[in-house]
Amino acid sequence: MHAVAFDKTGTLTRGKLRVTRVVAAEGFDEAEVVRMAGAVEAGSAHPAAEAVRHEARRRGIAQAARGTLARTFTVLEGRGVSAEVEGRRVYVGNSRLFEEIGSPSGATGTMMPPGEDEGSRTITLVGTEQGIAGFLEMEDEVRPEAREAVHSLASLGVRHAVMLTGDRDDVARAAGESVGIEEVLSGLLPDDKLRKVEALVASYGTVAMVGDGVNDAPALALASVGIAMGAAGSPAAIETADVALMAEDLRKVPEAVVLGRRMVSVIRQNVVASLAIKAGFLVAAVSGYATLWMAVAADMGTTLLVIGNGMRLLKKTERPV
Ligand code: ADP
Ligand code: MG
């Protein structure tokens with residue numbers, strides 16, 4: 001394997017977002033922003049949706065009835081979600097979504113008081129085509145083992161690691177820096193992730209993609225090896241991937257590489273050894289030296305040898321450096 005692509009949210013980070021701040025635009029209050037967002041996110045399985053619902057519960061804001069929303073709920077992949085709330089179409093998502101629907105979102109810049117580590121927080125906007133009602137600032141946590149996993153892969157000879165995310169650039173860069181990935185591509189739609197993996201396959205040959213979301217599924221399918229984050233991953237990601245990490249531990253990625261390499265080398269040894277023994281025996285038989293017992297020993301011996309060699313794989317993989 002020569003290159004590996006990682007999704008950010010839910011893969012390099014835990015994907016357990018927490019609302020750290022709610023900011024309302026003029027004419028709105030925080031509770032209304034949370035209520036609108038909560039109503040739309042009632043139908044979404046995205047990590048951001050869980051954070052919004054949690055914030056609504058925490059503030060004691062009633063959740064909308066699911067039934068009426070379900071009919072108008074739509075997912076705008078890699079950007080956000082929308083649904084009709086009390087007769088108006090409300091959008092919840094990133095700035096790209098609001099640019100696309102032509103909603104005047106210019107005001108968000110001025111609404112955002114400069115926080116110290118603002119760059120590491122995801123901003124989820126709430127509004128309609130007429131304008132922004134406010135936004136929620138969300139924080140995610142980089143998985144503690146992510147840096148070690150990226151480092152191990154590099155020491156195993158994986159030449160290139162890249163992060164592919166739908167999140168905004170400064171958040172993505174902050175996460176990239178803390179896990180040790182230099183190439184960070186942000187603001188990507190599922191199609192963009194697919195195209196990047198395609199380009200990596202063209203220039204590096206064997207490429208692994210690690211992801212968790214529905215938006216990662218096309219890229220997981222196209223990569224030489226698709227690896228899905230097990231328990232927290234979306235069903236679409238798990239179904240399209242070749243490997244699912246049930247333990248949710250990114251260090252399993254380098255471990256799988258080590259195990260895979262050992263397996264290939266054991267298979268090679270077995271093929272070479274059994275062919276060599278058979279060839280040797282054939283020569284002995286043709287030149288009249290072979291006895292029946294030699295034939296039995298060659299046959300059984302090879303079988304046992306191959307089994308024994310294969311069993312070595314059961315030995316625990318040593319942690320790569
Ligand atoms: P990633 O590639 O990092 O896993 P996604 O492709 O799932 O992220 O989402 C990209 C961006 O779209 C997110 O950073 C978020 O801003 C926005 N987004 C997607 N789905 C939702 C949602 N249900 N609610 C709010 N924002 C969303
Ligand atoms: Mg993700």
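Student: What makes the pair formed by K193 and ligand 1 a polar contact?
Tutor: This is a predicted model. In it, a polar side-chain atom of K193 lies 2.7 Å from an oxygen atom of ligand 1. The cut-off for N or O pairs is 3.5 Å, so the pair counts. T9 also places a polar side-chain atom 2.7 Å from an oxygen of ligand 1. G166 uses a backbone N or O atom, 2.9 Å from a ligand oxygen.

Student: How much of ligand 1 does the protein cover?
Tutor: On its own, ligand 1 has 560 Å² of accessible area, and the protein covers 95% of that.

Student: Which residues come nearest, and which domains supply the shell?
Tutor: T9, E41, H46, T165 and N215 come nearest, out of 19 residues around ligand 1. Domain 1 (3–11 + 142–250) and domain 2 (17–139) each give at least three residues to the shell. By class, the shell has three nonpolar, eleven polar and five charged residues.

Student: How do you know which residues are donors to the magnesium ion (ligand 2)?
Tutor: D7 (OD), T9 (O) and D212 (OD) coordinate the ion at 2.3 Å. The donor cut-off here is 2.8 Å, so they qualify. Their spacing in sequence is D-x1-T-x202-D.

Student: Why is D7 called buried?
Tutor: Its relative accessibility is 3%. Buried means under 20%, so D7 is buried.

Student: And T9, buried or exposed?
Tutor: T9 has 18% relative accessibility. That is under 20%, so T9 counts as buried.

Terms used
Residues numbered from 1 in each chain as written. Chains lettered and ligands numbered in written order. Predicted model: local features only at pLDDT ≥ 70, side-chain atom pairs only at ≥ 80, totals over all residues. Heavy atoms only, no water. Near = heavy atom within 4 Å. Polar contact = N/O pair within 3.5 Å; in protein donor to acceptor, adjacent residues only side chain to side chain. Areas by Shrake-Rupley, 256 points an atom, 1.4 Å probe, with all protein chains shown as cover. Nonpolar A, V, L, I, M, F, W, Y, C, P; charged D, E, K, R; others polar. Domains from an automatic or database assignment. Donors = N, O, S within 2.8 Å, 3.2 Å for Na, K, Ca; no water. Buried < 20%, exposed > 50% of the residue type's maximum accessible area, 1.4 Å probe, protein only.
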